Amino acid sequence: IKLDTSDNFYNIKNIIGKKMLNTVCVEAKCPNIYECWNRKTATIMILGDICTRSCGFCSVQTGKPSFPDELEPKRVTEAIKSMGLKHVVITSVDRDDLKNDYGASIWYKTIEMVHDEIENSRF
């Protein structure tokens, strides 16, 4: 793996850090992080960084997650706008602990905010 860290890599890293977001790239220890972040591509992972399941193929931490962050949809939207993306991949940890909706309300808010921002700003 070529550990090429261009300005794009550090820009993505800084935006994700400032917005206190999680990515599959980091949490799952993806070996392609350098290639993707250099191309301004990241997979944002919502609903925290602790999964309620323990899949054998995944490196995401398993345990009891904290409460969902209601401000996360706004931070995700701001990060996408800061990165200048027109296409984004959003995924999440499993939240079996959230018996009311399993995290669907955060998914809904995130998608709604991202769509509204993209349609209204045209980057």
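The legends below describe close-up views of a predicted model. Local features need pLDDT of at least 70 and side-chain atom pairs count only at pLDDT 80 or more, while totals for chains, interfaces and linings use all residues. Residues are numbered from 1 along each chain as its sequence is written, and side-chain values use heavy atoms, with hydrogens and water left out.

**View 1. The largest nonpolar core.** This core has 24 residues; a nonpolar core is a set of buried Ala, Val, Leu, Ile, Met, Phe, Trp, Tyr and Cys residues joined through side-chain atoms within 4.5 Å. Ile 16, Trp 37, Ile 46, Val 76 and Met 83 have the most contacts inside the core. Two or more residues come from each of helix 1 (7–18), helix 3 (33–38), strand 2 (43–46), helix 4 (72–83) and helix 5. Helices (H or I, at least four residues) and strands (E, at least two) are DSSP runs, numbered from the N terminus.

**View 2. Surroundings of Trp 37.** Trp 37 is buried at 2% relative accessibility; buried means under 20% relative accessible area, exposed over 50% and partly exposed in between (1.4 Å probe, protein chains only). Beyond its neighbours within four places in sequence, the contacts of Trp 37 include Asn 8, Phe 9, Ile 12, Lys 13 and Ile 16. Contact means heavy atoms within 4.5 Å.

View 3. The whole structure holds 3 aromatic pairs. Rings of Phe, Tyr and Trp (its six-membered ring) pair if their centres lie within 6.5 Å; planes under 30 degrees apart count as stacked, over 60 as edge-to-face and the rest as tilted. Phe 9 and Tyr 34 are stacked, at 5.2 Å centre to centre and 20° between the planes. Because Phe 9 lies in helix 1 and Tyr 34 in helix 3, this pair ties together parts 25 residues apart in sequence. Phe 9 is buried, with a relative accessible area of 7%, whereas Tyr 34 is partly exposed at 24%. The rings of Phe 9 and Trp 37 have centres 5.4 Å apart and planes at 40°, so this pair is tilted. Phe 9 and Trp 37 are 28 residues apart. Ring pairs link Phe 9, Tyr 10, Tyr 34 and Trp 37 into a cluster.

View 4. Leu 47 is in the loop between strand 2 and strand 3 (50–51) and is buried, at 3% relative accessible area. Its phi is near 70°, a positive value in a residue other than glycine. Tyr 102, in the loop between strand 5 (89–92) and helix 5, also has a positive phi, near 60°. The C-alpha atoms of Ala 104 and Leu 47 are separated by 9.7 Å.
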